[in-house]
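Dear colleague,

I am handing over the structure below, together with some notes on what was found in it. Please look through the model first and then read on.

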Amino acid sequence: MEKKNYAARAAIYAMGLVILAAGITMNIKTGLGVSTIISVPFAISSIWDVNFSLVTFATYALFVVIEMIIKGSDRTVIDWLQIPFSIVFSLLLNMFSKL
């Protein structure tokens with residue numbers, strides 16, 4: 001059986017979150033536009049003058065809730081880990097937007 005290296009996987013995932021948050025923030029600040037998944041939070045934050053990272057977290061949390069409704073009784077505790085990772089991602093967006 002293959003031994004899983006959870007520390008390496010977590011480090012790679014964390015690096016991916018940092019790179020993604022930095023890239024999204026740079027695209028917004030330079031006026032290059034936004035990707036499809038981030039366009040709804042960007043539009044809401046621009047129209048209502050709300051913090052972009054807060055709207056991003058709320059949108060992602062809503063997506064997770066919808067996913068859990070669709071999955072029904074097939075969901076697991078690991079599925080709910082998307083919420084804390086969304087918080088971390090939103091905090092990274094907020095940190096990079098202040099640079």
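The notes below go from the overall fold to single residues.

This is a predicted model, in which local features need pLDDT of at least 70 and side-chain atom pairs count only at pLDDT 80 or more, while totals for chains, interfaces and linings use all residues. Residues are numbered from 1 along each chain as its sequence is written, and side-chain values use heavy atoms, with hydrogens and water left out.

The protein chain has four helices and zero strands, where helices (H or I, at least four residues) and strands (E, at least two) are DSSP runs numbered from the N terminus. Its pattern along the sequence is α-α-α-α, and its C-alpha atoms fill a box of roughly 50 × 30 × 20 Å along the principal axes. Of the 99 residues in the protein chain, 24% are buried; buried means under 20% relative accessible area, exposed over 50%, and partly exposed in between, with a 1.4 Å probe and protein chains only. Taking contact as heavy atoms within 4.5 Å, 58% of the contacts between residues at least 6 apart in sequence join residues at least 24 apart. The protein chain exposes about 7,100 Å², with 72% of it supplied by carbon and sulfur atoms; accessible areas come from the Shrake-Rupley method with a 1.4 Å probe, and for residues only the protein chains shown count as cover.

A nonpolar core is a set of buried Ala, Val, Leu, Ile, Met, Phe, Trp, Tyr and Cys residues joined through side-chain atoms within 4.5 Å. The largest one has eleven residues, namely Leu17, Ala21, Ala22, Ile24, Ile38, Phe52, Tyr60, Phe89, Leu92, Leu93 and Phe96. Helix H1 (6–30), helix H3 (52–71) and helix H4 (82–97) are the elements that give two or more residues to this core. Within it, alanine 21 is in contact with Phe89, Leu92, Leu93 and Phe96, once its neighbours within four places in sequence are left aside.

Ile37, Leu62, Phe63, Ile66 and Ile70 make a nonpolar surface patch of about 500 Å², and H3 gives the largest share of it, four residues. Patches are made of residues with over 30% relative accessible area and no salt bridge, with like charges joined within 9 Å and nonpolar side chains (Val, Leu, Ile, Met, Phe, Trp, Tyr) within 5 Å.

A salt bridge is a side-chain nitrogen of Lys or Arg within 4 Å of a carboxyl oxygen of Asp or Glu, and by this rule the count comes to one. It joins the side chains of aspartate 79 and lysine 71, at 2.7 Å from N to O. Aspartate 79 counts as buried because its relative accessibility is 13%, whereas lysine 71 is partly exposed, with a relative accessible area of 30%.

Two further places concern backbone angles. Aspartate 49, in the loop between H2 and H3, has a positive phi near 55° in a residue other than glycine, and is exposed, with a relative accessible area of 71%. Most residues other than glycine have a negative phi. Glycine 72, which follows H3, has a positive phi near 65°.

Finally, serine 45 of helix H2 is buried, with a relative accessible area of 8%. Not counting residues up to four places away in sequence, serine 45 touches Val50, Asn51, Phe52 and Val55.

With kind regards
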